[in-house]
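Thank you all for coming.

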Amino acid sequence: MLTVQGLTRCFGQVRAVDGISFEVRDGEIFGLLGPNGAGKTTTISMISGVLAPDAGQVLVDGVDIWERPKQVKRMLGVVPQEVAVYEDLTGRDNLVFWASLYGLKGADRRRAIDEALERVGLADRADDRVRDYSGGMKRRLNLSMGLIHAPKFLLLDEPTVGIDPQARLAILDVVREVARGGTTVLYTTHYMDEAEKLCDRMAIIDRGEILASGTLDELTRLAGEGDVLRVSGSFGAEDLRGKIAGIDGVEISRIGDGFALLSVVPEGPGLAQLLPRLLDGEAGIDDVSIQRSNLESVFIALTGRALRD
Ligand SMILES: Nc1ncnc2c1ncn2[C@@H]1O[C@H](COP(=O)(O)OP(=O)(O)OP(=O)(O)O)[C@@H](O)[C@H]1O
Ligand SMILES: [Mg+2]
């Protein structure tokens, strides 16, 4: 189990991580979901022992990483947000270098490297120089480096940023498989769909604080039972407000000129009254979409902002 208690880190006036606590249970994939600047990387850096906290504790199987760094670091695999590979070396030689840092030698090292390459689907490109890899391949190599010593805990910091959807799916599959093999995973992301599809439990982090945590079901309940209606076009906020006024079961979650998010009670009469008013052709509305309550509505309910702002 990985336990974070009251973890805090400031940079000058910025409270990058402000007294956060959570637990990652054995065998689960735990997500840390938050927008840019939320404090995800700062958190991962403190858990992995590369950045000293101002306050708080990180316990890995009950052992404080800052008291016994050597013992604890052996249990951790870390996949940093910035890809950290040597472009002039081959994929395999990057792994040889990395495996050696963990004291792996000879046949054990060869086996570990072959397994890691196989796992991330790079076996056939292992002897090409990394310089010639695609962005997705570099990301996969970065991931294999975190796996090379078969860590008990894997910490992944936004491992799918900047790559195409197919490469993204490949990485998510590897993470799932690693978790199925018994490794406990801490996964940071700003993609709601990744957190929804991948994580057993998650915490929503914003401006250095954890706003809520739990399973997807537990979290979506926080946003209420309403469906989310997303409206966009060239309308003015006040005009739209006027159109919505007085309809039962419809609430404004967020509104601006040309954009609104509404919460609508499912199967209530509100939607039937609302839609004709929105779609009368003169309302300046180009697009209306409806979705069930999801992590984005939770984030809006908790912060008043959209996650992608
Ligand atoms: N070394 C540093 N020096 C000064 N400020 C920092 C440093 N590292 C992080 N910060 C600040 O701390 C806050 C949290 O940053 P952090 O990198 O942890 O966020 P993040 O959630 O990882 O964001 P992103 O999704 O963009 O990677 C931000 O306001 C950032 O500017
Ligand atoms: Mg980051």
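I will go from the domains to the sheet, then to one strand within the sheet, and finally to the ligand.

Please keep in mind throughout that this is a predicted model. The domain assignment divides the chain into domain 1, covering 2–221, and domain 2, covering 225–292, and the centres of domain 1 and domain 2, taken over C-alpha atoms, are separated by 40 Å.

Let me turn to the sheet. It is an open sheet of 6 strands with mixed pairing, and its order reads β6-β7-β8-β3-β9-β10. At the edges stand β6 (76–79) and β10 (209–214), and because each has a single partner strand, one side of each is left without a neighbour in the sheet. From one strand to the next, the twist averages 15°. On the β10 side, strand β9, residues 201–206, pairs with β10 in the antiparallel sense over 5 bridges, and there I204 stands opposite A212 of β10.

Which strands pair with β8 in the parallel sense? One is β3, residues 29–33, which is joined to β8 over 5 bridges in that sense, with F30 having L186 as its bridge partner in β8. The other partner I have in mind is β7, residues 153–157, which also runs parallel to β8 and is joined to it by 5 bridges; here F153 stands opposite T184 in β8.

Finally, the ligand. Ligand 1 is surrounded by 13 residues, of which the closest are F11, A16, K40, T41 and T42. Both β2 (14–24) and α1 (40–47) supply at least two residues of this shell, and α1 gives the most, with 3 residues. By class, the shell around ligand 1 comprises 8 polar residues, 4 nonpolar residues and 1 charged residue.

With that, I am happy to take questions.

Terms used. Residues numbered from 1 in each chain as written. Chains lettered and ligands numbered in written order. Predicted model: local features only at pLDDT ≥ 70, side-chain atom pairs only at ≥ 80, totals over all residues. Pairing = 2+ DSSP bridges. Helix = DSSP H or I, 4+ residues; strand = E, 2+ residues; numbered from the N terminus. Domains from an automatic or database assignment. Near = placed C-beta within 6 Å. Nonpolar A, V, L, I, M, F, W, Y, C, P; charged D, E, K, R; others polar. Axes fitted to C-alpha atoms, helices over the stretch in contact; angles between N-to-C directions.
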